[in-house]
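Please prepare a short briefing on this protein for a reader who has not seen it before. Keep it plain and group the points by topic.

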Amino acid sequence: MLSALAVTPYTVTVLIHADTARYHLERPFSWRLEGTELRGVSDIVPVFLEGLLPDRVYTFWAGQEKLFFRTAPCAGLIDAADYGVSPDAADNAPAFAAAVAAVPMGGTLRVPEGRIASGPIFLKSDMTFWLPEGATLAAIADRAGWPILPDHDAAGRVVGTWEGLPAASFASPVTAIGCNNLAITGRGTLDGGGDRGDWWTWPKETREGARRPRTLFLAHCTDVVLSGMGVCNSPSWTVHLYRCDRLTAAAMRITNPADSPNTDGFDPESCTQVQVRGLHISVGDDCIAVKAGKRGTGEDTRDDHIAPTRHLTIANCLMEDGHGAVVMGSEMSGDITDVDITRCEFKGTDRGLRIKTRRGRGGQVARIAMVDVAMDGVGTALAINAFYYCDADGKSAAVQSRDPAPVDDTTPLIADITVTNVQLRGVRHAAGAFLGLPEAPLRGLRLTGVTVGYDADAEPGETLMACHLPSARHAGLLHRFAQIETDAALTDLLEDMTDVG
């Protein structure tokens with residue numbers, strides 16, 4: 001089966017056998033776009049095409065299968081070079097501002113080829129930002145004069161955020177706030193510049209009154225397409241979506257060095273109706289991290305930033321070498337619900353599916369389904385942790401005590417997690433580690449059709465980031481304060497989790 005996704009005036013993502021394959025196809029497919037010179041061979045599900053004509057019907061062939069699709073219309077193509085954007089300029093931000101302003105409603109801005117240095121670029125509604133093959137948009141290293149997003153704008157909306165709380169933050173190299181009907185697409189590269197300047201030397205600090213920027217940041221946006229591009233070298237989280245609705249991300253490549261701090265790959269926070277399909281992510285932290293804000297502590301009682309993330313689909317993606325492949329939390333105070341993870345591949349991540357929270361968060365993580373996923377070389381494949389030791393008090397007795405605490409609106413809940421038809425190969429530490437709260441046990445965890453194989457050369461390691469737990473090697477399904485249903489093939493792997501120290 002073939003399908004067209006993330007259609008813009010000049011680009012499209014075609015998915016080959018997305019209904020049966022994971023990220024890699026069972027066999028390579030020769031493909032061609034009828035009437036053009038575009039053709040090739042693909043061994044992965046997503047095929048990204050650019051250089052198309054607007055409002056035109058095309059026929060795509062993969063083997064003997066064909067797909068008809070129509071590109072979106074374009075009200076006018078603007079070449080950023082005509083407004084002074086050039087590889088020769090030290091900072092193209094002013095030229096980009098003029099070029100964006102010139103784009104008509106429903107028009108497209110094309111970035112010229114070459115390495116284009118720029119400070120933050122601010123997009124607007126009803127436009128396509130086209131970064132074609134051969135173009136690299138590279139953030140400048142010097143942050144002097146770099147725009148700062150306040151925690152709240154003049155309309156009272158949260159725009160600057162940091163780890164689930166409102167906070168002044170440096171604007172991202174590409175920033176969109178309050179934009180509707182926006183597409184950011186093309187086979188080019190968005191380079192966040194984290195490897196230049198000093199961004200990675202102050203991961204948890206504030207400088208010049210602001211937190212580190214993302215590379216691509218969208219807030220309060222609706223009807224958005226992100227497709228095709230490579231995003232790399234992020235100063236902090238790479239692609240951060242905050243309070244966005246109806247967004248599709250397709251066929252992107254997100255890469256950061258393994259030792260770059262807090263460089264999550266793709267973070268939807270307090271978003272609804274988001275599709276993530278055909279992404280390849282390898283980063284220095286979690287690959288996909290789903291968030292919903294967090295409660296303040298002490299005298300900080302703000303809650304205007306807290307809203308749910310729900311109706312999220314993650315499919316046909318490849319996650320490699322991050323801390324976690326698909327992660328919920330730990331910022332989940334607004335609820336994370338109705339998440340489907342289907343036909344994906346996880347390779348070499350510390351954890352596979354990971355849910356993390358702690359006392360004081362409130363909110364719930366519920367109705368999470370993972371189906372037909374293959375994990376290879378993962379540390380702990382399935383990790384659910386209600387004692388995650390984040391924040392300054394994370395290792396305190398109030399957070400880490402295994403004695404029941406009073407149940408109130410700050411008690412987080414985890415329920416209805418379904419894992420079906422999942423292959424685990426080369427597990428190092430544990431097939432699963434599930435630690436609920438004694439006052440609010442994990443409910444409705446169902447595991448069926450899970451097969452487990454271990455890495456013979458594995459060394460003992462940490463299963464969950466919680467206090468009082470021993471290291472493990474080749475463990476089965478460790479659990480405490482958790483209600484688990486399994487098929488008969490998994491019952492021998494169930495093992496009570498015990499504390500040490």
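This is a predicted model: local features need pLDDT of at least 70, side-chain atom pairs count only at pLDDT 80 or more; totals for chains, interfaces and linings use all residues.

Residues are numbered from 1 along each chain as its sequence is written, and side-chain values use heavy atoms, with hydrogens and water left out. The protein has two helices and 44 strands; helices (H or I, at least four residues) and strands (E, at least two) are DSSP runs, numbered from the N terminus.

**Overall size and packing**

- The radius of gyration of the protein is 23 Å, close to the 23 Å that the globule rule gives for 501 residues, so the protein is as compact as a globular protein of that length. This radius is taken over C-alpha atoms, and the globule rule is 2.2 Å times the number of residues to the power 0.38.
- Along the principal axes, the C-alpha atoms fill a box of roughly 65 × 60 × 35 Å.
- Of the 501 residues, 58% are buried. Buried means under 20% relative accessible area, exposed over 50%, and partly exposed in between (1.4 Å probe, protein chains only).
- The accessible surface comes to about 18100 Å², and 49% of this surface belongs to carbon and sulfur atoms. Accessible areas come from the Shrake-Rupley method with a 1.4 Å probe; for residues, only the protein chains shown count as cover.
- Among contacts with a separation of 6 or more, 73% are between residues 24 or more positions apart. Contact means heavy atoms within 4.5 Å.

- Strand β2 (residues 11-16) is largely enclosed by the rest of the structure, because six of its six residues are buried.
- Thr11, Thr13 and Leu15 are buried on one side of β2, and Val12, Val14 and Ile16 are buried on the other, so both faces are covered.
- Strand β1 (residues 2-5) runs antiparallel to β2 and is joined to β2 by four bridges. Two strands pair if DSSP finds at least two bridges between them.
- Serine 3 is opposite leucine 15 in β2.
- Five residues lie between the strands in the hairpin of β1 and β2, where alanine 6 takes a positive phi near 55°.
- Strand β5 (residues 46-50) also pairs with β2, in the antiparallel sense over five bridges, and threonine 11 has glutamate 50 in β5 as its bridge partner.

- Strand β37 (residues 364-376) pairs with strand β39 (residues 413-427) in the parallel sense over eleven bridges.
- Alanine 369 has threonine 418 in β39 as its bridge partner.
- β39 also pairs with strand β41 (residues 442-454), in the parallel sense over nine bridges. Here threonine 418 has arginine 446 in β41 as its bridge partner.

**Helix α1**

- Ala93, Ala95, Phe96, Ala99 and Val100 are buried in helix α1 (residues 93-102). They cover an arc of only 150° around the axis, which puts them on the same side of α1. The arc is that of the directions from the helix axis to the C-beta atoms.
- Pro94 and Ala101 are exposed on the other side of α1.
- The cover over the buried residues of α1 includes β9 (107-110), β10 (114-118) and β13 (135-139).

**Nonpolar cores**

- The largest nonpolar core has 87 residues, and those with the most contacts inside it are Leu226, Phe266, Met328, Ile341 and Phe346. A nonpolar core is a set of buried Ala, Val, Leu, Ile, Met, Phe, Trp, Tyr and Cys residues joined through side-chain atoms within 4.5 Å.
- β39 gives the most to this core, with six residues.
- Apart from this core lies another, of 25 residues, among them Ala6, Val47, Leu67 and Phe69.
- Not counting residues up to four places away in sequence, the residues that phenylalanine 346 touches include Met319, Ile341, Leu353 and Met370.

**Two buried loop residues**

- Arginine 358 is in the loop between β36 (351-356) and β37, and counts as buried at 5% relative accessibility.
- Not counting residues up to four places away in sequence, arginine 358 touches residues including Tyr388, Asp391, Asp393 and Pro412.
- Leucine 131 is in the loop between β12 and β13, and is buried with a relative accessible area of 3%.
- Leucine 131 touches residues including Glu50, Val111, Leu137 and Arg187, not counting residues up to four places away in sequence.
- The C-alpha atoms of leucine 131 and glutamine 364 are separated by 38 Å, and the two residues are 233 residues apart along the chain.
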